[in-house]
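We will go stop by stop.

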Amino acid sequence: MRALKKEVVIIGGGPAGLEAADSLNKLGHAVTILEKEERPGGKLSNWHKLFPDNVSADGILKQMIQKISGDIHLITNAKIRKISHEGKKYSVWFNEGQCIQAEAVLVAVGFDLFNASLKEEYGYGIYDNVITSAELESMFVNQKSLVTATGKTPGRVAFIHCVGSRDEKAGFRHCSSMCCVTGVKQAIEIKKRLPGTDVMMFYMDLRMHGRFYEDLYLEAQEKHHIQFIRGRLSESSENPDSSLLLKADDTLAGSPIKVRADMMVLLLGFVPTDFHKKMGEEFGVEIGSDGFFSPCDSHLDTNSAKTTGIFVAGACTGAKSLEYTLADARSASLKIHEFLLRSPSSNILN
Amino acid sequence: MKFNLFVLPFTIGLVVLFCILIAKYVRWFLNLNPEQRDSVKKNFLTIKTLSGLKEILLESLLHRNISKKNRLLGYMHMSLAFGWFLLIIVGHFESYSYFKTAMEPPYIPIFLRYFQQDALADPLQVVYWFVMDFLLLFVLSGVALAWYKRQNQKRFGMRKTTRHLPADRVALSVLWLIFPLRLLAESITSALYGGGSFLTSGLGSLLENNIATNLSFVASWWAYSISLGLFFICLPFSRYMHIPTEVILIMLRNWGATKYSGKIDGITQFEVHSCSSCGICLDSCQLMELGHSNIQSPYLFRNFRANRLTDQEVQNCLMCGRCETACVVGIKTNSARQAIRHNSSAEVNHDYLRHVDTSFNSSPDVLYFAGCMTHLTPGIKKSMQTIFKAAKINYALADEDRNICCGRPMMLSGLADQAAAMVNKNKELFEKSGARTLVTSCPICYKVFREEYNLDIEVIHHTQYIDRLMKEGKLDLVKSEEHVAYHDPCELGRSSGIYDEPRNIINSLANLNETPANRELALCCGGSIANIILTSHEKKELALSALEKIVPQNTETLVTACPLCKKTFVSTGKSLKIIDIAELVAENLTVGQTSRKFGKFQKVESASI
Amino acid sequence: MNSFGFEIQKDNTIEYDKNDLSLAAFVLKHEPSLYNCIQCGSCSGSCPASAISSYQFRKMQLLMRRGEIKNLREDVAHCLLCGKCILVCPRGVNTRNVIRQIRIALNMN
């Protein structure tokens with residue numbers, strides 16, 4: 001096989017970064033992954049089971065991490081300081097003066113979850129029984145039992161959709177597209193653990209667009225009798241017993257609705273990271289109106305940034321499921337490979 | 001009898017002016033409401049009249065307030081007003097010294113140089129000539145500056161100056177002509193007949209050869225008289241109506257008759273006609289930043305006077321009160337606007353409020369009214385509850401599940417009468433509670449409870465209440481090293497005068513970094529409910545721009561004391577901790593006083609887009 | 001004529017083509033942000049008037065846009081103008097001005 005050996009730096013050791021590292025390695029390139037945390041895996045490492053088929057997230061992640069070998073170098077606790085380039089060589093500076101040189105840089109920094117305390121009327125950080133979808137998932141991962149702040153099994157749990165998504169007042173107009181199915185998956189999980197607990201979903205539109213997602217919706221209704229109320233939560237208040245009073249418009253019934261709930265789970269939207277802004281301002285990588293990276297062509301080339309030699313993959317170009325994130329990472333690897341092949345300074349090995 | 005036909009334009013103008021002024025002022029006086037009229041009667045023969053006269057001297061003539069804004073601008077106004085005033089007064093003395101009678105027709109002192117051309121044996125005449133020439137020069141310097149200002153307002157400390165209506169422009173042009181024409185007439189007279197001092201005689205000798213003829217002599221006096229007459233006739237229909245009206249407004253204010261009724265009454269007329277459209281307030285208006293540059297108070301008042309109001313001037317206003325602070329005449333722009341918005345015939349139906357249960361199942365000492373906006377910022381409500389508990393106060397929530405609006409938003413929209421159902425229901429609620437103190441977190445509610453509800457119980461904003469609890473030693477607090485800035489909400493600061501209590505609180509809990517835009521000069525957050533026109537994008541733009549200006553360097557936290565300000569600032573997505581003062585207090589309570597470290601406030605880290 | 005003691009029931013259908021859409025057109029022209037509504041109900045869920053009366057901003061404006069304006073006058077008269085709806089609207093609809101424009105259109109101001 002005719003191969004060329006080039007250095008590629010991947011910023012971000014989440015699913016996209018790991019998958020791209022594996023692909024690029026198989027294409028014959030040397031890869032260095034710079035991960036800001038102590039361990040690779042990104043948000044997947046805090047995930048219990050994957051929708052729509054309840055596959056263990058941990059199992060998937062283990063398989064991905066096993067592939068880090070040979071010419072893949074993983075550097076953890078790496079804080080990116082600067083990216084510079086001279087000719088075709090990119091220098092990625094991190095921590096205190098450390099630097100790696102490469103001929104291509106893949107940005108796979110993923111996303112942040114919306115800061116729920118910005119949506120103050122929902123009471124996150126103020127009322128004890130308001131938690132986020134990430135906190136709930138983490139409870140599942142750590143096998144913690146789901147109890148209210150006073151240690152009781154909740155009689156009713158309400159899921160709130162679109163927290164930080166489709167909300168101009170929260171600063172984010174886009175649909176995060178993954179929260180609907182996440183909420184339904186988590187609601188089912190609660191019902192499986194606590195069959196006696198009443199679970200209801202406050203949604204605006206259920207966007208169950210992936211394959212078999214609708215089946216999950218049906219399962220929630222058919223098997224678990226989860227209630228779906230079409231109305232965005234307007235505000236919540238705390239009852240003297242620290243349970244919550246939810247106020248919304250039950251739009252299909254055409255009347256305002258007040259519901260008492262023992263716990264409230266906020267399904268947080270996907271928002272851009274601080275790194276997005278930094279890349280945009282300091283390295284000229286184009287940012288869309290939603291704050292995520294904009295590739296050079298929204299259809300034909302979704303992985304090349306407009307800045308030559310910089311590539312993007314995964315949820316850092318907008319919310320994606322794991323399935324699409326991995327596919328996107330493989331697609332990016334191919335784009336990088338083509339780029340390195342075209343590069344005139346190619347040092348072709350036989 | 002000393003008379004010439006050319007005095008007619010001036011005399012007719014003067015008579016017409018007085019007739020119109022008297023007609024208007026009588027009507028407005030009759031339109032004063034009984035309370036305002038009583039104040040006039042009560043204070044007419046007191047020292048307040050003297051202090052009013054002093055203020056007229058300082059403001060209408062010397063323009064002290066304008067001088068404080070900008071010296072040059074102050075000089076310009078003073079030279080025109082005080083200079084002209086002195087020309088008239090000294091002219092009368094001069095006339096008296098020549099003709100020994102005070103009963104001359106009014107045109108004699110004005111056209112004195114025409115009627116007294118010959119030099120007299122009286123040595124005082126030379127002095128008079130000098131003084132009058134000097135005063136004319138003084139006024140002319142003002143005219144020159146005024147003309148220069150039209151082109152270069154920035155030199156006068158103003159970024160923007162008002163755009164005028166045609167009637168105002170005619171009046172302005174005529175006004176600028178009066179004094180050059182007087183100079184011309186007196187100089188030609190001096191050239192032909194001698195007399196005058198350094199200015200008129202100096203210019204006269206230049207004109208002697210070809211310009212100063214019998215024809216130009218007569219023509220110049222006619223021109224001067226016509227310019228005066230025209231100006232007098234234009235005056236009541238132009239912005240120059242402010243000249244006589246401001247004098248009356250100052251007196252009314254000193255007599256304590258300017259309390260607003262909320263409707264268009266005599267006071268509104270006096271206030272609105274006292275606006276000279278000088279434009280000094282324009283730079284203070286934040287809506288200028290959005291390109292809304294024809295809706296500010298001077299335009300509102302001008303179009304009100306001209307009876308050509310549009311929706312934009314009336315409604316597109318934050319009613320932040322910054323123009324009121326900037327106004328050198330002291331016009332109550334907010335009250336006047338609210339009166340102009342007043343609409344007693346608007347149709348509402350709030351009968352359903354009758355069914356709201358106002359009973360209490362406890363008898364609290366303190367009633368806490370969170371307010372509509374605070375229900376959307378539960379961090380404030382929860383902090384207040386924590387504070388009440390820490391101070392061991394017997395309190396109750398007034399509007400937890402019977403949340404009735406205080407009525408102020410409706411009043412600000414001009415529907416003050418229609419807010420009565422809300423006012424009555426809330427009053428019933430407060431009375432039934434038996435509480436002695438009503439605490440509210442919303443400055444909008446606070447203002448209306450205090451000013452419109454006529455409550456028997458004490459109304460207090462939570463900043464005042466917390467300050468009191470701290471002074472009474474009821475709160476056990478620790479001081480942090482945090483650097484915070486404080487934003488004065490419009491309704492609490494400028495509108496209610498509460499500046500010190502929040503600062504007392506902050507100074508004992510953190511390090512306060514004062515911002516230049518503080519106290520009376522505080523900016524509006526942009527979220528004002530008084531403006532029904534602005535789009536959400538425009539409000540956000542205002543909020544972002546305000547944050548730029550009010551948050552000093554090295555400040556981690558912005559503290560405010562209004563739920564609406566907080567909500568508006570937070571929704572900009574700016575990465576800054578923005579909290580209410582109640583939250584700052586609850587955060588700094590010692591562990592002994594609160595069961596947990598209250599509030600996991602997170603620094604806003606999401607990227608703003 | 002004989003009375004049978006019952007009347008023909010008015011059917012529930014919105015006769016869109018027969019309804020008067022001019023009022024909606026007026027309001028949308030003067031406050032185009034109403035076009036952005038996604039019927040989430042944040043406004044009416046937080047509304048103090050909706051909690052204690054038949055008034056519902058979301059439903060009212062939706063019916064208006066379908067030409068169902070029979071109860072509009074009565075509905076809009078219930079609003080307290082408090083402005084909570086503006087703060088919670090995720091699409092930035094200027095709800096208070098929608099109310100005002102309806103009131104202007106119906107000569108209620």
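Which residue in strand 14 of chain A is the bridge partner of Val157(A)? Select Val199(A): that is the partner. Before going on, note that this is a predicted model, where local features need pLDDT of at least 70, side-chain atom pairs count only at pLDDT 80 or more, and totals for chains, interfaces and linings use all residues. Residues are numbered from 1 along each chain as its sequence is written, while chains are lettered from A and ligands numbered from 1 in the order in which they are written.

**Stop 1: the sheet in chain A**

Select residues 156-163 and 198-203 of chain A. These are strand 13 and strand 14, which run parallel and are joined by five bridges. (Helices, H or I with at least four residues, and strands, E with at least two, are DSSP runs numbered from the N terminus. Two strands pair if DSSP finds at least two bridges between them.)

Now show the whole open sheet. Its five strands have the order 12-19-13-14-15, with parallel pairing. Look at the edges: strand 12 (130-132) and strand 15 (227-230) of chain A each have a single partner strand, so one side of each is left without a neighbour in the sheet. Neighbouring strands are turned by 25° against each other on average, direction ignored. (Axes are lines fitted to C-alpha atoms, for helices over the stretch in contact, and angles run from 0 to 180 degrees between N-to-C directions.)

(Contact puts two residues' C-beta atoms, placed from the backbone, within 7 Å.)

**Stop 2: two helices in chain B**

Select residues 124-151 and 166-193 of chain B. The axes of helix 8 and helix 9 come within 10 Å and cross at roughly 140°. Helix 8 of chain B is therefore oblique to helix 9 of chain B. (Under 35 degrees is roughly parallel, over 145 roughly antiparallel, 65 to 115 roughly perpendicular, and the rest oblique.)

Show side chains. Among the residues of helix 8 that meet helix 9 in chain B are Leu136(B), Val143(B) and Trp147(B). Helix 9 of chain B brings Trp176(B), Phe179(B), Arg182(B) and Leu183(B).

**Stop 3: where chain C meets chain B**

Show both chains. Here 21 residues of chain C are in contact with 25 residues of chain B. Helix 3 (48-52), helix 6 (84-88) and helix 7 (95-105) of chain C each supply at least two residues of the side that touches chain B.
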